[in-house]
Amino acid sequence: MGNTAASCCASPGGSPQSPRSPRPGAAETRHTNTDVSEDTGPYLQHISDRELPDELALESNPSDHARASTIFLSKSQTDGNLITSAALPQVSPGPLTKKYSSCSTIFIDDSTVSQPNLKSTIKCVTLAIYYHIKNRDSDRSLDIFDEKMHPLSRDFVPDNYSQIDPEHKLIYRFVRTLFSAAQLTAECAIVTLVYLERLLTYAEIDICPCNWKRIVLGAILLASKVWDDQAVWNVDYCQILKDITVEDMNEMERHFLELLQFNINVPASVYAKYYFDLRSLADDNNLSFPLEPLSKDRAQKLEAISRLCEDKYKDLGKAAMRRSFSADNLVGIHRSNAVLS
């Protein structure tokens, strides 16, 4: 079947276009286009072949490679005026509320890389978007994301809408409304930030006051369909944003995918990098994750999980011992009595 599919794709008769008369020098042109290094002709290039080399990826593709530093963290570190806890919505009122573990009480947070805390993750993601807008290099944009040309509501858009940077509270309310209405998960918020930075890198645009809502909406729409098992339909977002049409949502999603070059893959290493960088961003801006004292029930659950992991590694160790033995892994060595002559 593989040979049949290859011959079908490579067959010039499989194209719906009508045949054309040969031109002078067509043989040379045809010979040039059959090179697999080009995207034209019958050859369909795999998405991994379009990735940049490692030396370029480290600089320009943080959403594709785990070794590249995230853009939002670098932009937040270049800003001398970090947001204080008082400027963040629904955050601890002051530094005195920070809790420390002691001999009698242990405080742990319920946010892990596999199950992040939803509320705290949305705050960190919107804070990253805020620094993207505030410390942008320029105002490069596309018409499909311009809110003046494609408004999300019937409210009047002022003429200077592209010159006023949105506050973090405004970005947080916009994202929180979408996540609450669509019942999206915290993992979806992290993937949203990955797609957002991938769009800015691939399309070479900036997120600015005139386009941030539609870019964020497109990233959330795509992340919800890729990550969640029960994806939200485009018409469901039209129920949340009453004045937007399904046709507009479809067109924006199509352009978003084309600008991403249909690369919607998020490796586990990239996801983990964005999670821990968001934790670092939270620490830099005095945004603490909720801490709770370790209760007896939760301690028993953690002990049960650790016991399962310990038994698993013991079984793996036994399987390895059956294959080969070494002096370091020998347990219970039987010693024989020495015979003196």
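1. Cys210 is buried, with a relative accessible area of 9%. In this predicted model, the sulfur of Cys210 has its closest cysteine sulfur in Cys208, at 3.4 Å, which is too far for a bond. A disulfide is, after all, a covalent bond between the sulfur atoms of two cysteines, and the cut-off applied to such a pair is 2.5 Å. The count for the structure accordingly comes to 0 disulfides. Another cysteine, Cys188, also counts as buried, at 0% relative accessibility.

2. The charged side chains deserve a separate look, since side chains of opposite charge can pair when their charged atoms come close. The structure holds 9 salt bridges, and one of them joins Asp64 to Arg198, with 3.1 Å between the closest N and O atoms. This pair links distant parts of the chain, 134 residues apart, as Asp64 sits in the loop between helix H3 (54-60) and helix H4 (71-77), whereas Arg198 belongs to helix H7 (residues 186-203). Both partners, Asp64 and Arg198, are buried.

3. A further salt bridge is formed by Lys225 and Glu253, whose closest N and O atoms are 3.0 Å apart. Because Lys225 lies in helix H8 (residues 212-227) and Glu253 in helix H10 (residues 246-259), the pair ties together parts that are 28 residues apart in sequence. How accessible are the two partners, buried or exposed? Lys225 counts as partly exposed, at 31% relative accessibility, while Glu253, with a relative accessible area of 15%, is buried.

4. Arg136 and Asp139 meet through their side chains in a salt bridge, at 2.5 Å from N to O. These two residues also belong to a network of salt bridges in which Arg136, Asp139 and Asp165 are linked. A charge is found over a ring as well, for Lys148 lies over the face of Phe156, at 5.6 Å from the ring centre.

5. As for the nonpolar residues, in soluble globular proteins nonpolar side chains tend to be buried together. The largest nonpolar core in this model has 63 residues, and those with the most contacts inside it are Ile207, Val216, Leu217, Tyr237 and Leu278. The elements that give two or more residues to this core are H4, helix H5 (118-134), helix H6 (168-182), H7, H8, helix H9 (234-240), H10 and helix H11 (268-284). The largest share of the core, 11 residues, is supplied by H7. When residues up to four places away in sequence are not counted, Val216 touches Ile129, Phe174, Val175, Thr192, Leu196 and Ile207.

6. Which geometry does the pair of Phe72 and Tyr274 adopt among the 6 aromatic pairs that the structure holds? The ring centres of Phe72 and Tyr274 are 6.0 Å apart and the planes stand at 40°, so the pair is tilted. Phe72 in helix H4 and Tyr274 in helix H11 are 202 residues apart, and their pairing links distant parts of the chain. Phe72 and Tyr274 are both buried.

7. Phe145 and Phe256 form an edge-to-face aromatic pair, with 6.1 Å from centre to centre and 80° between the planes. Here too the pair links distant parts of the chain, with Phe145 in the loop between H5 and H6 and Phe256 in helix H10, 111 residues apart. Phe145 counts as buried at 0% relative accessibility, and Phe256 counts as buried at 1%.

Key: Residues are numbered from 1 along each chain as its sequence is written. This is a predicted model: local features need pLDDT of at least 70, side-chain atom pairs count only at pLDDT 80 or more; totals for chains, interfaces and linings use all residues. Side-chain values use heavy atoms; hydrogens and water are left out. A salt bridge is a side-chain nitrogen of Lys or Arg within 4 Å of a carboxyl oxygen of Asp or Glu. Helices (H or I, at least four residues) and strands (E, at least two) are DSSP runs, numbered from the N terminus. Buried means under 20% relative accessible area, exposed over 50%, partly exposed in between (1.4 Å probe, protein chains only). A nonpolar core is a set of buried Ala, Val, Leu, Ile, Met, Phe, Trp, Tyr and Cys residues joined through side-chain atoms within 4.5 Å. Contact means heavy atoms within 4.5 Å. Rings of Phe, Tyr and Trp (its six-membered ring) pair if their centres lie within 6.5 Å; planes under 30 degrees apart count as stacked, over 60 as edge-to-face and the rest as tilted. A charge sits over a ring if NZ of Lys or CZ of Arg is within 6 Å of the ring centre and within 35 degrees of the ring normal.
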